[in-house]
Amino acid sequence: MADRLAGKIAIVTAAGSGIGRACALRFGVEGARVVVNDIVADAADAVVREIEAAGGAAVSAPGDVGSSERVTAIVQDAAARFGRVDVLLNNAASPLFGKVEDMSDAMWRAVFAVTLDATFYGMRAALPVMAAQGSGSIINTASAAGLGGMIGLGAYGAAKAAVVNLTKTAALEVAARGVRVNAICPGSIDTPPLRLFVDAIPGGRAAFERSIPVKRIGLPEEIASVAAFLASDDAAYVTGAVIVADGGVVAGIGPGWPE
């Protein structure tokens, strides 16, 4: 699969760490030229160096994707520089915790501005470019939290549920023009924010992992494998799909039997 994405131009937002970083590295290894975005410029630059050290090609495009102007500029700059945009992975999110009754207007808007608005801005900017070239793959990082309720994640879950619906709607709108739009719903993935969360709960990581059917937290690289498939021509007949990668959590409707 080393050349599965050869010749493709891929933009990855929020790629400075976690799932975004893993996807950017995977795209680079599979032959894509990667445009690496992160709100922290040093983090984006570091991932570019990692891709180059692995033999791939990448450029840095730092900035806040909560700004429609910045997102549009990133997409247009990539199209002007490389002549096309083949893949856009909208990965930015803001998983602030807070129960519905305790959440302020500012917290609600902060979550939506990054988690939903940035995804919309990226899609709106990339769709005309991809439609004009007659091909393209947009991949939105949604979440298992968008498929069911989770205490303390009301805003995040609502925003991710909206990402799921937006993905399906856009897929229908552009399918006849050669553009595919899909979403990935990760579950609990080993990223810095999740580590902080699981370390704070009773029983810590061990107790948390017991609640997952596969009995472990997922790896960012496992989500990157799904993203690389969706980015590639192997997924040529896949659009409007919502792929759940959560270790089996949302397959159930409640606690399982004790083992």
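**Close-up 1. Helix 4 and helix 5 meet in a right-handed crossing.** In this predicted model, the axes of helix 4 (residues 105-133) and helix 5 (residues 154-174) come within 9 Å and cross at roughly 15°. The two helices are therefore roughly parallel to each other.

**Close-up 2. Here are the residues that join helix 4 to helix 5.** From helix 4, look for Trp-108, Val-111, Phe-112, Thr-115, Leu-116, Thr-119, Phe-120, Met-123 and Leu-127. Helix 5 brings Ala-155, Tyr-156, Ala-158, Ala-159, Lys-160, Ala-162, Val-163, Leu-166, Ala-170 and Val-174 to the contact. Sorted by class, this contact has 16 nonpolar, 2 polar and 1 charged residues.

**Close-up 3. Thr-167 is a buried residue of helix 5.** The relative accessible area of Thr-167 is 0%, and buried means under 20%, so Thr-167 belongs in that class. Follow the side chain of Thr-167 to that of Asn-140, and you will find a polar contact of 2.9 Å between them. Leaving aside residues up to four places away in sequence, Thr-167 touches Asn-140, Val-181, Asn-182, Ala-183 and Ala-241.

**Close-up 4. Ala-44 sits in helix 2.** Helix 2 spans residues 41-53. With 0% relative accessibility, Ala-44 counts as buried. Val-36, Asn-37, Asp-38 and Ser-60 are the residues that Ala-44 touches, once those up to four places away in sequence are set aside. If you zoom out to Met-150, the C-alpha atoms of Ala-44 and Met-150 are 31 Å apart in space, and the two residues are 106 residues apart in sequence.

Notes: Residues numbered from 1 in each chain as written. Predicted model: local features only at pLDDT ≥ 70, side-chain atom pairs only at ≥ 80, totals over all residues. Heavy atoms only, no water. Axes fitted to C-alpha atoms, helices over the stretch in contact; angles between N-to-C directions. Helix = DSSP H or I, 4+ residues; strand = E, 2+ residues; numbered from the N terminus. Parallel < 35°, antiparallel > 145°, perpendicular 65-115°, else oblique. Left-handed = near helix turned anticlockwise from the far one by under 90°. Contact = heavy atoms within 4.5 Å. Nonpolar A, V, L, I, M, F, W, Y, C, P; charged D, E, K, R; others polar. Buried < 20%, exposed > 50% of the residue type's maximum accessible area, 1.4 Å probe, protein only. Polar contact = N/O pair within 3.5 Å; in protein donor to acceptor, adjacent residues only side chain to side chain.
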